[in-house]
Amino acid sequence: MNLKSQYALITMTQETFHSSTPLHLESGEILSEIEIAYTTYGQLNSDKSNVIWVIHALTGDSKASEWWNGLIGEDKFYDPADYFIICANLLGSCYGSTQPLSENPTTREPYYYDFPQLTSRDLAVGLERLRVHLQLDQIHTLIGGSLGGQVGLEWAFILENKLKNAIILASTGKTTPWVIGFNETQRMAIESDCTWGENTESAGRKGLETARAIAMLTYRHPKDLLRKQSDSDDKLDNYRAASYLRYQGQKLSKRFNALSYWTLSKTMDSHDLGRNRGGLDAALSKIEANVLAIGVDSDLLFLPEESQYISQKVKKGTYKEITSTAGHDAFLIEFEQLSYILKSFYLQQKH
């Protein structure tokens with residue numbers, strides 16, 4: 001093992017931040033205390049100017065080097081030898097942060113269905129509380145895709161001049177009826193599970209499998225399924241596409257819970273950067289950071305024009321596009337294109 005590898009491994013840490021200060025939510029509800037699990041890689045430099053803050057998508061976790069391993073890690077674009085990289089598990093998610101299966105401090109029982117509604121703004125406020133706790137006065141780059149991009153925009157607005165660069169991938173300033181509609185069909189699938197309503201960790205698990213299958217159709221593109229899941233002409237049943245979707249549903253249900261999925265899909269629905277801020281255009285215009293909005297040409301969920309719109313309405317915006325048949329999930333797959341786009345963006349800041 002070379003010195004660089006030892007450096008990267010030694011400086012990875014996983015911790016949990018606990019706050020007893022009540023978090024007042026947009027809904028008017030209150031979380032009396034919160035926990036946020038987070039993972040860091042690398043070390044801060046002397047002036048703390050090398051912070052890269054990663055925000056995960058709907059079913060992600062804080063281990064960004066695992067689910068974004070083509071972008072984060074030794075000899076990757078964001079190398080722990082050069083940067084202090086942090087990723088926190090969002091509130092509502094089931095990977096160590098406060099969520100529906102967490103203990104309600106009032107009842108000493110899990111929240112289950114009494115867990116309050118969360119918005120992308122609430123999640124951003126949670127991240128801001130963690131930033132203050134860690135005494136990080138400046139963030140070099142905030143980067144997130146999909147739901148992570150929505151939370152990233154909210155946080156960029158809050159951070160003002162404490163943030164230098166915001167990279168928003170395959171996301172939007174306000175959730176469209178199209179996305180809300182897809183999310184509602186997934187929640188309907190969860191509702192149809194006969195175990196939904198039970199106060200158990202496994203409630204809604206079969207429904208979650210169906211919800212994930214529906215979601216996968218929005219994350220991919222028809223051409224991608226045609227290329228990867230086609231069958232021979234003589235088949236009458238047991239098609240590859242059907243098996244693929246069932247497998248994806250089962251895979252998620254083993255690592256996630258339906259209550260967190262329900263909560264975070266509602267969070268995505270409620271996203272509106274302009275709410276109580278004079279509208280979307282006014283809110284975007286107040287973001288101080290350099291903003292790189294990246295769309296995917298084949299994205300059927302968050303359309304490329306939504307990313308273009310962000311870049312046009314912020315003070316210092318740039319739009320770039322990933323070309324891929326993979327659809328929405330291309331931002332998690334097309335590492336070569338993404339690295340090139342990021343390199344160009346940072347070079348632009350130097351001129």
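Analyst: Let's begin with helix 12, whose buried residues have a cover that includes strand 7 (139–145), strand 8 (163–169), strand 9 (290–296) and strand 10 (316–322). Helices (H or I, at least four residues) and strands (E, at least two) are DSSP runs, numbered from the N terminus. This is a predicted model, in which local features need pLDDT of at least 70 and side-chain atom pairs count only at pLDDT 80 or more, while totals for chains, interfaces and linings use all residues. Residues are numbered from 1 along each chain as its sequence is written, and side-chain values use heavy atoms, leaving out hydrogens and water.

The buried residues of helix 12 are Leu338, Ile341, Leu342, Phe345 and Tyr346. Because they cover an arc of only 130 degrees around the axis, they are on the same side of helix 12; the arc is that of the directions from the helix axis to the C-beta atoms. On the other side, Glu336, Tyr340 and Lys343 are exposed. Here buried means under 20% relative accessible area, exposed means over 50%, and partly exposed lies in between (1.4 Å probe, protein chains only).

The length of helix 12 can be checked too. Its 15 residues (335–349) should span 21 Å at 1.5 Å a residue, and its end C-alpha atoms are 21 Å apart, so the two agree. The expected span is 1.5 Å times one less than the number of residues.

On a 1 Å grid over the protein atoms alone, a cavity is a set of points where a 1.4 Å probe fits but cannot get out; a pocket is an open set with protein on both sides within 12 Å along at least five of seven lines, and lining residues have an atom within 4 Å of a point. Points are joined across faces, edges and corners, and a volume is the space filled by probe spheres set on them.

The largest pocket has a volume of about 710 Å³. Its lining has 26 residues, and Thr59, Arg212, Arg255, Asp329 and Leu332 lie nearest the centre. Helix 2 (64–67), helix 6 (205–219) and helix 8 (240–253) each supply at least two lining residues, with the largest share, five residues, coming from helix 8. By class, this lining has twelve nonpolar, six polar and eight charged residues. Nonpolar covers Ala, Val, Leu, Ile, Met, Phe, Trp, Tyr, Cys and Pro, charged covers Asp, Glu, Lys and Arg, and the others, Gly among them, are polar.

Thr59 sits in the loop between strand 5 (51–55) and helix 2. Its relative accessibility is 10%, so Thr59 counts as buried. Setting aside neighbours within four places in sequence, Thr59 is in contact with Tyr95, Arg212, Leu252, Arg255, Phe256 and Tyr261, where contact means heavy atoms within 4.5 Å.

As for cavities, a search of the whole structure finds one of 30 Å³ or more. The largest cavity has a volume of about 50 Å³ and is lined by Leu58, Asn183, Gln186, Thr218, Tyr219, Met268 and Leu301. Four of these lining residues are nonpolar, three polar and none charged.
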